[in-house]
Amino acid sequence: MLFERPSDDTLYDALVARDAAYEGFAWAAVRTTGVFCRLTCPARKPKRENTTFYETIAECLEAGFRPCSRCRPMLKLGEADPMVTRLLTALDADPHRRWSEEDVGFLGIDPSTARRAFKRQFGMSFLEVARLRRMGKAAETLTSGASVIDAQIDAGYESGSGFRSAVTKLFGAAPASLRDKPLLRADWIETPIGPMMAIADQHALHLLEFAERKALPAEIRKLQTFTGSGIVMGRHPPIDEIEAELKAYFAGEDLGFRTRLAGHGSPFQRQVWDALRAIPVGTSRTYGAIAAELGLPSSTRAVAGANGANQIAIVIPCHRVLSADGSLTGYGGGLWRKRWLIEHERRMAARREGHLAAAAS
């Protein structure tokens, strides 16, 4: 069964492999050291006979175990690295700056440590993130009607050819052509199960995907083609809105999502996506069931295709769709994330039912 508690042997294998699929659903307590850890703890692994698994931190504490000082299980899952936060704050304060490793060192941060931390969280170094922010500001300069040379100077490029090459590679257009392009903005949103990329205009969210999704570059190109827009690093209001709603969601608050979504997709795809959003938290559907609900029982494959074409993860909850036999299948963010989201929502629903029962008694 999907929601059966894994056996202790399975959990021990996950501990040895540092399998993030089980992160947050069980903690490993080690009798020989008296500590309890996340299953992804980097510390040396205990022997199987010395390891006990608990479903909650409270149970670990009640059993007399103290939190591990390496994996710090008492901290909220997905809490931002202070060093990463510090560098991003500095970048926000001066997005035009052409950062170097020496600049990072002047902040008292080891450049190689910063590089690894950013690669781990965002798949790119801090200097690469800074370059994208700088290029985004340059593109905004162009769209405001400034000359290419002004934008080049803003971006910190001494070479005009180098600037044109960089802009063309990033946005798929020569600098001069960006003057007439509307711009979407893109930024990262941290979550307990990995960073997500959000892309929006002033009024609506166009894309929300996990950064590790292999199809993300193709989805971004498709979005550029569909909207005729350039994409720059930065934020429009819908990104702030969805970040706040995701924070509540991952904290276990069943408040729903109200951020306005851009109207992409065919009429049939939008019909399927509306059906996905109608699936209650803590429940699931099969492709066939959705097709039947839409009055198109022979369109199971088409429903699956529309499900896969969704570019707004979590908000349009394609993770709530299972195969005909009830097993997990097909999720662009990885099956372990699908399992994580389903289990997280099951707990949210159970907590809500508990509150309702208490209120009625």
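I take a residue as buried when its relative accessible area is under 20%, as exposed when that area is over 50%, and as partly exposed in between (1.4 Å probe, protein chains only).

**Entry 1. Ground rules**

I am working with a predicted model, in which local features need pLDDT of at least 70 and side-chain atom pairs count only at pLDDT 80 or more, while totals for chains, interfaces and linings use all residues. Residues are numbered from 1 along each chain as its sequence is written, and side-chain values use heavy atoms, with hydrogens and water left out.

**Entry 2. A network of charges**

I first looked up Asp-187, which at 16% relative accessibility counts as buried. The side chain of Asp-187 meets that of Arg-235 in a salt bridge (2.8 Å, N to O). I use that term for a side-chain nitrogen of Lys or Arg within 4 Å of a carboxyl oxygen of Asp or Glu. Asp-187 belongs to strand β5 and Arg-235 to the loop between β8 and α10, so the pair ties together parts that are 48 residues apart in sequence. Helices (H or I, at least four residues) and strands (E, at least two) are DSSP runs, numbered from the N terminus.

Arg-235 counts as partly exposed, at 23% relative accessibility. I found a salt bridge between Arg-235 and Glu-243 as well, with the closest N and O atoms 2.8 Å apart. Glu-243 is partly exposed, its relative accessible area being 29%. Through shared partners, salt bridges join Asp-187, Arg-235, Asp-240 and Glu-243 into one network.

**Entry 3. Another salt bridge**

I noted that the structure holds eleven salt bridges. One of them is formed by the side chains of Arg-115 and Glu-101 (2.4 Å, N to O). This pair links distant parts of the chain, with Arg-115 in helix α5 (residues 111-122) and Glu-101 in helix α4 (residues 101-106), 14 residues apart. Arg-115 is partly exposed, with a relative accessible area of 34%, and Glu-101 is partly exposed at 33%.

**Entry 4. The sheet that holds β5**

I then traced the sheet around β5. It is an open sheet of four strands in the order β7-β6-β5-β8, with mixed pairing. Its edge strands, β7 (205-210) and β8 (230-233), each pair on one side only. From one strand to the next the twist averages 25 degrees. Two strands are taken to pair if DSSP finds at least two bridges between them. Strands of a sheet pair through backbone hydrogen bonds, either parallel or antiparallel.

Strand β6 (residues 196-200) and β7 run antiparallel and are joined by five bridges. Within this pair, Ile-199 stands opposite Leu-207 in β7. Helix α10 (residues 237-250) lies across β5 (183-189), β6 and β7, and runs at about 25 degrees to β5. For such angles, axes are lines fitted to C-alpha atoms, for helices over the stretch in contact, and angles run from 0 to 180 degrees between N-to-C directions.

**Entry 5. Strand β1 and its partners**

Strand β1 runs antiparallel to strand β3 (residues 51-54), with four bridges between them. Trp-27 has Tyr-54 as its bridge partner in β3.

Three bridges join β1 to strand β2 (residues 35-37), again antiparallel. Here Val-30 has Val-35 as its bridge partner. The hairpin of β1 and β2 has four residues between the strands, and in it Gly-34 takes a positive phi near 75 degrees.

**Entry 6. The nonpolar cores**

I define a nonpolar core as a set of buried Ala, Val, Leu, Ile, Met, Phe, Trp, Tyr and Cys residues joined through side-chain atoms within 4.5 Å. The largest has 37 residues, and those with the most contacts inside it include Leu-208, Ile-242 and Leu-341. Among the elements that each supply at least two residues of this core are β6, β7 and α14 (335-360). Helix α10 gives the most, with five residues.

Beyond its neighbours within four places in sequence, Leu-341 is in contact (heavy atoms within 4.5 Å) with Ile-193, Tyr-249, Phe-250, Ile-314, His-319 and Tyr-331. Another core, of 13 residues, lies apart from the largest one and has Met-83 and Ala-130 among its members.

**Entry 7. A buried asparagine**

Lastly I looked up Asn-310, in the loop between α13 (300-308) and β10 (321-322). Asn-310 is buried, with a relative accessible area of 4%. Not counting residues up to four places away in sequence, Asn-310 touches Glu-209, Glu-219, Trp-273, Ile-316 and Cys-318.
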